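Dear colleague,

I am handing over the structure we spoke about, and I would be grateful if you could look through it with the notes below beside you.

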Amino acid sequence: MYKIIDNYIDKLMTSKPDMPLWNIEAIKQGKKPVWNYIDGCMMTSLIELYKTTKEEKYINFVKDFVDYYVFEDGTIRGYEPEKHSTDDICESRILFDLYDLTKEEKYKKAIELTYTQIKTQPRTKEGNFWHKAIYPNQIWLDGLYMAQPFYTRYQTNTTKDYSDIVNQFKNVFNIMYDKDKHLYYHGYDSSKTIFWADKETGLSKNFWLRSIGWYAVALVDVLDFMNNQMYDEYNTIKEILKITIDGILEYQDKESKMFYQVPNFMEKEGNYLETSGSSMIAYAILKGARLEALPERYRKIGVEIFNGICSKYLSEKDGDLNLGGICLVAGLGPDNNRRRDGSYEYYISEPVVENDAKGVGPLIMAYTEMKKLD
């Protein structure tokens, strides 16, 4: 199976930077090339694959891809910090690796440009980053993954002050974690005014698998980038990670070992086993066990989830591979998009596609952890 995955990755690396095969949204909508979290998922996964295998083809591809976007003065094609979208911070985490490997100043300048957004990002009254300027006063689980790993890497290289980062995770746990169902709500509006939010709690209506997956990956990656278990903050993130993983595991499908698009409605009509969120959970568990942030017994669970995804959704026909079962996109609002209301019916209505990086990237991330077991 590993050889098949290697071939699949090679196929994806025939992509061009301005229209990559894995960015299905861009292909469908004819979007101009911009710095974005979807490409960021792929670049992050390929850098990890390079670190694991030491095969130069992976890092060469990443550098060539990123150099299309990052200019000599550190500006980035299609990146507009003033839009205050946490999504746009995500891909910049790979700049640290490229700078460490090459010492090219443009990467360092691009890191500093991205950090200007961290410093100016609007915040909720609780102190968390707004998900985007177009989503005022809102925390989405997705946003923790988009911003906090970059922020943590920056702090590790400078002040090593993680207090703000950890406080944002603690706020999410205290506000968005349902202590009865042991799951996190997708979104929270601190103003409690947006149409999808409960008027008393500010929370969205349901739990969405991939948002929980983003959050779990954010936790384990932040732990890794802190890289120092002496900090009290490290132990706080470690504790939240275990609670998060234990909660989602209560909703694991016994046969496939995967998880459903809306995790707590496993038997409801229209629900389906979803690849991207399941891959994120597999990665978070495998990496968490490797970092000893989760007990060793969890490693077997991560392996089973990874194998279950490959068995159900990774297919080969005439030497061509495809990864299916990926929710293309899901979100909440804004006001002019009332269809995105956080209902069960909404989450199962979004397109299910093949080969999108929101599924492919996390599967490759989990694959790098599997290779570390060899």
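Predicted model: local features only at pLDDT ≥ 70, side-chain atom pairs only at ≥ 80, totals over all residues.

Residues are numbered from 1 along each chain as its sequence is written, and side-chain values use heavy atoms, with hydrogens and water left out.

**Pockets**

Grid points are joined across faces, edges and corners, and a volume is the space filled by probe spheres set on the points.

The largest pocket has a volume of about 750 Å³ and is lined by 38 residues, of which E25, K31, Y37, D87 and K132 lie nearest its centre. The elements that give two or more residues to this lining are α2 (24–29), α3, α7 (141–157) and α9; helices here are DSSP runs of H or I with at least four residues, strands are runs of E with at least two, and both are numbered from the N terminus. By class, the lining of the largest pocket divides into 19 nonpolar, 7 polar and 12 charged residues, where Ala, Val, Leu, Ile, Met, Phe, Trp, Tyr, Cys and Pro count as nonpolar, Asp, Glu, Lys and Arg as charged, and the others, Gly among them, as polar.

The second largest pocket has a volume of about 240 Å³, and of the 13 residues that line it, K51, R153, D224, F225 and N227 lie nearest its centre. Two or more lining residues come from each of α3, α5 (94–102), α7 and α9, with α7 giving the most, at 3 residues. The lining of this second pocket has 3 nonpolar, 3 polar and 7 charged residues.

**Cores**

A nonpolar core is a set of buried Ala, Val, Leu, Ile, Met, Phe, Trp, Tyr and Cys residues joined through side-chain atoms within 4.5 Å, and buried means under 20% relative accessible area, exposed over 50% and partly exposed in between, with a 1.4 Å probe and protein chains only. The largest nonpolar core has 117 residues, and those with the most contacts inside it are M43, V66, F169, Y184 and Y215; its largest share, 12 residues, comes from α9. Apart from this core lies another, of 15 residues, among them W140, C327, Y344 and Y346.

Leaving aside neighbours within four places in sequence, V66 is in contact with W35, M43, I94, L95, L98 and Y107, contact meaning heavy atoms within 4.5 Å.

**Helix α10**

Does the length of this helix fall in line with its residue count, or out of line with it? The 18 residues of α10 (residues 232–249) should span 26 Å at 1.5 Å a residue, and the end C-alpha atoms are 26 Å apart, which agrees; the expected span is 1.5 Å times one less than the number of residues. The buried residues of α10, including Y234, I237 and L241, pack against α8 (163–176), β3 (183–184), α9 (209–226), α11 (275–290) and α12 (298–313).

**Single residues**

S45 lies in helix α3 (residues 37–53) and is buried, with a relative accessible area of 0%; beyond its neighbours within four places in sequence, S45 is in contact with G361, I364, M365 and T368.

T275, in helix α11, is likewise buried at 0%, and the C-alpha atoms of T275 and C310, 35 residues apart along the chain, are separated by 9.2 Å.

Most residues other than glycine have a negative phi, and most peptide bonds are trans. K103, in the loop between α5 and α6 (105–120), has a positive phi of about 60 degrees although it is not a glycine, and K103 counts as exposed at 52% relative accessibility. The peptide bond from G333 to P334 is cis, with omega near 5 degrees, and P334 is placed in the loop between β7 (326–327) and α13 (344–349).

With kind regards

Notes: 1 Å grid on protein atoms, 1.4 Å probe; cavity = no way out; pocket = protein on both sides within 12 Å on 5 of 7 lines; lining within 4 Å.
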